[in-house]
Amino acid sequence: MKLPVAFEEKMKKLLKEEYPDYLASYKLPKYQGLRINTLKLNLDQWHQINPFNSLKQVPWCQEGFYYDAYEKPGKHPYYFAGLYYIQEPSAMSPGAYLPISPGDCVLDMCAAPGGKSTQLVARMQQAGVLVSNDISASRVKALLKNLENFGARQCIVTSETSEKLASKWPGYFDKILIDAPCSGEGMFRKNESATKSWEAYGVQHCANLQRMILEDAVTLLKPNGMILYSTCTFSPEENEGMIDEFLKKHPDFKVVPLTPVGGIQKGRPDFINAVPELDGALRLWPHHLEGEGHFVCLLQREGGEAGTTPSYGKQKRLKDYPEALSFIQQYTYLSEDLPVTEISGKLYSIPENAPDLKGVRVIRGGLLLGELKNKRFEPSHVLALAYPKEMFKQTIDWSVNDEAIGRYLKGETILCEKPKGYYVVCVDGYPLGWVKAQNSILKNQYPPSWRLC
């Protein structure tokens, strides 16, 4: 591919004798990856059902695997059951290196299309609160779908500026991931059109955004909290230089050294005369590993003042909504004391300790259970994906090789003798969605926008 001349000259100066090896990486294949959803199954269970022949471990992500181009994991029923997420291998590094504990309050500040959010929520194991935010109204749709397909129950999806979030939720988050908007130099190999964006906007435009986002993250972070800053660019100004500037302005933060594995290299403070501690950051170079370009740096606040973010407030319980309670008791084993809230007829399960959402542009304020319509309750598609098969009283479990699975995912009606009512369709024991049995047929409830083409 043809690289911008100014970019080539810059990389020659940075890499020196390594530059020919870097340039040769453009002739190597583009690496494909998928990451197992440990909310739904552990790695031993995955290895028992793995339908792909080419999987190879991604060194920096325990649940990540390379796959060969001839495999089609995006068309497999297990993908629609949310058993894995398709993600470029290097992009798995930020979510893998941010320390996450169940119960944390976590913010993914620039989250679309959702790869890193799905990784974070899986590590949270349905405990705590994940706020996944993206300012782009169009990109946030993909973010929401990916989180819902993953079965996330502890997630709030918003579409706001970082400044607005900081004004609403100061000192609320234990951990913040900033996969910052950047010049995208690390993606040139994967996406040739990224070079046009680089030429149009340049490094400084992105650096200004990164600087602003980092400042807002400081406001949002709890005492002793952590920020994982990452980019997909090689630019020192957006990487070591940005963090060097940040540390000089915020001496209460330090770099937490990260351990490089699988060809990952240490940070390069020498590129831009930054503080030596930045060799504790990480750089992913395509001529050193099987993946694209990335930068990762973990920061920790030392001390700080506690925030005053108001909580979501008192919630109602499922038992306060008779139509919904009747459905839930008939078809599931969910508790009648499940905390819920109702917005415009839609019923949501809100994570405990959720922040007050007033004044924030909320796309999805928790798990959508379903909708109240004319004194009846219609379950949401994502309710079926958010819980294991054992939480539903009526299920239809087909083998992955059963032709009915393909027909279901295409939205077709299926003939089947079942007593009247709702059923959760499963593939090899993993929920896919709802059907409604009536007059010897299964009326397909699979959302049109999700269907297999």
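Glycine 114 is in contact with Tyr85 and Leu143, once its neighbours within four places in sequence are left aside, contact meaning heavy atoms within 4.5 Å. This is a predicted model, in which local features need pLDDT of at least 70 and side-chain atom pairs count only at pLDDT 80 or more, while totals for chains, interfaces and linings use all residues. Residues are numbered from 1 along each chain as its sequence is written, and side-chain values use heavy atoms, with hydrogens and water left out.

**The annotated binding site**

- Glycine 114 is found in the loop between β5 (105–108) and α6, where helices (H or I, at least four residues) and strands (E, at least two) are DSSP runs numbered from the N terminus.
- Glycine 114 counts as buried because its relative accessibility is 0%; buried means under 20% relative accessible area, exposed over 50%, and partly exposed in between, with a 1.4 Å probe and protein chains only.
- Lysine 116 lies in helix α6, and at 11% relative accessibility lysine 116 also counts as buried.
- Apart from residues up to four places away in sequence, lysine 116 touches Gln87, Ala91, Pro94, Asp108, Leu177, Asp179 and His294.
- An unreviewed UniProt entry places the feature "binding site" at Cys110, Ala111, Ala112, Pro113, Gly114, Gly115, Lys116, Asp134 and Asp179; such positions are given in the numbering used here, feature names are shortened, and annotations may be inferred rather than shown by experiment.
- These residues are spread over 70 residues of sequence, yet they cluster in space, with a largest C-alpha distance of 12.6 Å.
- The lining of the largest pocket includes Cys110, Ala111, Ala112, Pro113, Gly114, Gly115, Lys116, Asp134 and Asp179 from this annotation.

**The largest pocket**

- The largest pocket holds about 1,200 Å³ of space. On a 1 Å grid over the protein atoms alone, a pocket is an open set of points with protein on both sides within 12 Å along at least five of seven lines, whereas a cavity is a set of points where a 1.4 Å probe fits but cannot get out, and lining residues have an atom within 4 Å of a point.
- Grid points are joined across faces, edges and corners, and a volume is the space filled by probe spheres set on the points.
- The largest pocket is lined by 43 residues, and the closest to its centre are Ala112, Arg139, Asp179, Ala180 and Pro181.
- At least two lining residues of the largest pocket come from each of β4 (84–86), α6 (115–124), α8 (162–168) and α9 (194–220), and α9 gives the most, with ten residues.
- The lining of the largest pocket has 21 nonpolar, 14 polar and eight charged residues, where Ala, Val, Leu, Ile, Met, Phe, Trp, Tyr, Cys and Pro count as nonpolar, Asp, Glu, Lys and Arg as charged, and the others, Gly among them, as polar.

**The second largest pocket**

- The second largest pocket has a volume of about 450 Å³, and of its 19 lining residues, Leu368, Pro379, Ser380, His381 and Pro447 lie nearest its centre.
- Each of α7 (139–150), β18 (367–373), β19 (376–379) and α12 (381–386) supplies at least two residues of this lining, with β18 giving the most, at four residues.
- By class, the lining of the second largest pocket comprises eight nonpolar, four polar and seven charged residues.

**Cysteines and the annotated active site**

- The count of disulfides comes to zero, a disulfide being a pair of cysteine sulfur atoms within 2.5 Å.
- An unreviewed UniProt entry places the feature "active site" at Cys232, and cysteine 232 is located in the loop between β9 (221–231) and α10 (240–249).
- The sulfur of cysteine 232 is 3.4 Å from the closest cysteine sulfur, that of cysteine 182, which is too far for a bond.
- Cysteine 232 counts as buried because its relative accessibility is 18%.
- Not counting residues up to four places away in sequence, cysteine 232 touches Cys182, Gly184, Glu185, Gly186, Met187, Gly293 and His294.
- Cysteine 155, buried at 6% relative accessibility, has its sulfur 12 Å from the closest cysteine sulfur, in cysteine 105, too far for a bond.

**Enclosed cavities**

- The structure holds three cavities of 30 Å³ or more, and about 80 Å³ of space lies in the largest cavity.
- Residues lining the largest cavity include Leu144, Leu147, Glu148, Cys155, Arg364 and Leu368.
- α7 gives the most to the lining of the largest cavity, with three residues, and this lining divides into eight nonpolar, one polar and two charged residues.
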